[in-house]
Amino acid sequence: MRSKVIGAVTLAVAAAGLFAAAAPAFAQQKTITVWWGKGFYRSEDDALIETIKKFEAKTGIKVELSQYAIQDMIPKTVAALDSGTVPDVAYADTYDVQVQGKWAYEGKLEDLTDIMEPIKDRFVQNTLDASILYNDVTKKKAYYGFPLKQQSMHVQIWNDMLDKAGFKQSDIPNDWEGYWTFWCDKVQPAIRKATGQRIYAVGQPMGVESTDAFQSFYTFMDAYHVRLVDDDGKLLVDDPKVRENLIKAMKDYTDTYIKGCTPPSSTTWKDPDNNVAFHNKTIVMTHNFTISIAAKWFEDSNNQTLTPEQRAAGKKAYEEDIITASFPKAPDGTTIRYRSDVKTGLVFNVAKNKPEAKQFIAFLLQEENVRPYIEGALGRWFPVTKESQESPFWQADRHRKAVYAQFKGGTAAFDFTKNWKFTILNNENVWAKAMNRVVSEKVPVDKAVDELIARIKQVAG
């Protein structure tokens with residue numbers, strides 16, 4: 001997917017005083033290139049485009065926007081780096097997880113401290129921390145990215161399917177073992193009996209090409225208090241307790257598949273596939289690292305290109321049938337502290353128009369510009385600024401309130417923010433590879449975990 005937005009600066013704008021005189025103004029006029037991941041919803045992209053138009057009108061700088069599908073962003077950016085023709089500003093949902101820390105370490109990114117330092121008080125601290133990366137060339141940390149939005153783990157449940165199976169939300173246990181037993185041993189046979197269809201209770205992402213798989217597995221690790229690195233990024237995997245609890249987390253994650261409680265295809269799922277299975281009602285629940293599943297039905301309810309019946313179905317699904325929930329208590333009875341993945345954009349240090357690129361970022365991060373962009377994603381992303389987090393948008397319905405409550409309860413950072421080499425492990429998706437060793441190749445869980453630990457040490461040690 002690729003779209004271009006090229007704004008024009010008219011003579012009227014020049015005459016309004018942005019430039020001293022028309023001829024020199026146009027001689028000096030700049031164009032910056034911006035590469036951006038395609039949004040899930042039209043309202044998200046529309047908000048970005050509107051901000052670009054405002055920026056062009058205010059500054060006289062033209063913006064050439066290219067939007068790409070999420071899976072294309074890293075390959076295209078790597079090719080641009082190899083050729084030396086990089087965009088001036090770039091953002092992708094996958095940069096922070098898979099490559100940005102590496103690029104910062106290698107000295108490929110521009111220091112954005114001059115943008116972020118004057119406005120840092122507007123941002124929640126964890127989002128600033130995720131943007132401060134280590135540069136091995138300068139031997140220091142700095143803002144080698146700008147925080148834009150964040151996400152965390154949620155559970156999405158079809159309440160009407162639960163009802164059809166003879167249960168209600170209050171029947172769902174909140175203890176770890178009871179929770180998973182409920183779905184696999186009670187809900188699945190009941191929904192199959194009620195419908196006569198081969199419906200699965202759980203959608204458990206396990207595909208190697210799925211970021212959902214590694215993000216979901218991290219939640220299972222967090223349930224067992226697995227810490228792979230300390231705050232300085234040093235590995236802790238030689239601790240026998242870490243290995244023991246990693247085995248428990250892997251066993252619980254793969255048992256869902258082994259028990260036949262998630263579709264066989266979940267071992268090859270990509271990021272959209274658990275969403276699709278949920279929308280098609282071939283699964284009753286799934287865990288997802290945003291509320292994009294529920295938000296899809298909200299978008300349907302307001303989509304004027306759909307029929308009145310389709311819009312009514314979207315409204316019913318969003319307001320009545322879908323539940324946004326949290327994971328159960330951890331096995332020891334404590335509340336799981338969820339990971340927050342702060343999405344960050346960047347500027348390469350070989351970009352041709354860095355001053356203008358920084359102008360654009362500073363403009364985008366203004367409250368009146370960044371808020372419509374985040375809220376245009378219909379709850380899929382949570383804000384990084386304090387003011388936007390308190391927007392009435394997050395109190396408008398039960399799904400958004402659930403997201404708000406989860407973030408306000410406190411979150412933890414992913415390991416790649418402390419040890420950049422975990423971006424390599426995430427890019428390889430060693431977590432999903434270990435799962436597939438267990439479920440597809442019938443390797444014992446402890447052996448698969450030992451292989452996982454060996455790979456972690458080899459890459460991130």
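Here are some friendly notes on the helix packing, the sheets and a few single residues of this predicted model.

1. **Ground rules.** Residues are numbered from 1 along each chain as its sequence is written, and side-chain values use heavy atoms, with hydrogens and water left out. As the model is predicted, local features need pLDDT of at least 70 and side-chain atom pairs count only at pLDDT 80 or more, whereas totals for chains, interfaces and linings use all residues. Helices (H or I, at least four residues) and strands (E, at least two) are DSSP runs, numbered from the N terminus.

2. **Helices α3 and α17.** Two packed helices are described by the angle between their axes and the distance between the axes. Axes here are lines fitted to C-alpha atoms, for helices over the stretch in contact, and angles run from 0 to 180 degrees between N-to-C directions. For α3 (residues 42-59) and α17 (residues 367-375), the axes come within 7 Å and cross at roughly 160°. That makes α3 roughly antiparallel to α17 (angles under 35 degrees count as roughly parallel, over 145 as roughly antiparallel, 65 to 115 as roughly perpendicular and the rest as oblique). The crossing of α3 past α17 is left-handed, meaning that the near helix is turned anticlockwise from the far one by less than a right angle; clockwise would be right-handed.

3. On the α3 side you will find E44, A47, L48, T51 and K54, and on the α17 side E368, N369, P372 and Y373 (contact means heavy atoms within 4.5 Å). By class, the residues of the contact of α3 with α17 are 4 nonpolar, 2 polar and 3 charged. Ala, Val, Leu, Ile, Met, Phe, Trp, Tyr, Cys and Pro count as nonpolar, Asp, Glu, Lys and Arg as charged, and the others, Gly among them, as polar.

4. **Helices α14 and α15.** Helix α14 (residues 292-301) packs with helix α15 (residues 308-321) at an angle of about 145°, with their axes 7 Å apart. Here too the crossing is left-handed. From α14 come A294, A295, W297, F298, D300 and S301, which meet R311, A313, G314, K315, A317 and Y318 in α15. The residues of the contact of α14 with α15 divide into 7 nonpolar, 2 polar and 3 charged.

5. **Helix α11 and residue A213.** The axes of α11 (residues 211-223) and α21 (residues 430-439) come within 8 Å and cross at roughly 80°. That makes α11 roughly perpendicular to α21. In this contact A213, F214, F217, Y218 and M221 of α11 meet W431, A432 and M435 of α21, which gives 8 nonpolar residues, no polar and no charged. Not counting residues up to four places away in sequence, A213 touches P205, M206, G207, Y253, N429, A432 and M435.

6. **The sheet of 4 strands.** This open sheet runs in the order β9-β10-β8-β11, with mixed pairing. Two strands pair if DSSP finds at least two bridges between them. At the edges are β9 (200-203) and β11 (322-325), each pairing on one side only, and the twist averages 15° from one strand to the next. Strand β8 (residues 154-158) pairs with β10 (residues 283-288) in the antiparallel sense over 4 bridges, and β8 with β11 likewise in the antiparallel sense over 4 bridges. I157 is a handy landmark: I157 stands opposite M285 in β10, and its bridge partner in β11 is I323. Within β11, I322 and T324 point one way and I323 and A325 the other, and all are buried.

7. **The sheet of 3 strands.** A further open sheet has the order β7-β12-β13, again with mixed pairing. Its edges are β7 (146-151) and β13 (412-413), each with a single partner strand, so one side of each is left without a neighbour in the sheet. Strand β12 (residues 339-345) pairs with β13 in the parallel sense over 2 bridges, with S340 opposite A413.

8. **Two lysines to check.** Most residues other than glycine have a negative phi. K139, in the loop between β5 (132-135) and β6 (140-143), has a positive phi near 60°. K139 is exposed, at 54% relative accessible area. K281, in the loop between α13 (273-279) and β10, has a positive phi of about 60° and is partly exposed, at 27%.

Technical notes
Buried means under 20% relative accessible area, exposed over 50%, partly exposed in between (1.4 Å probe, protein chains only).
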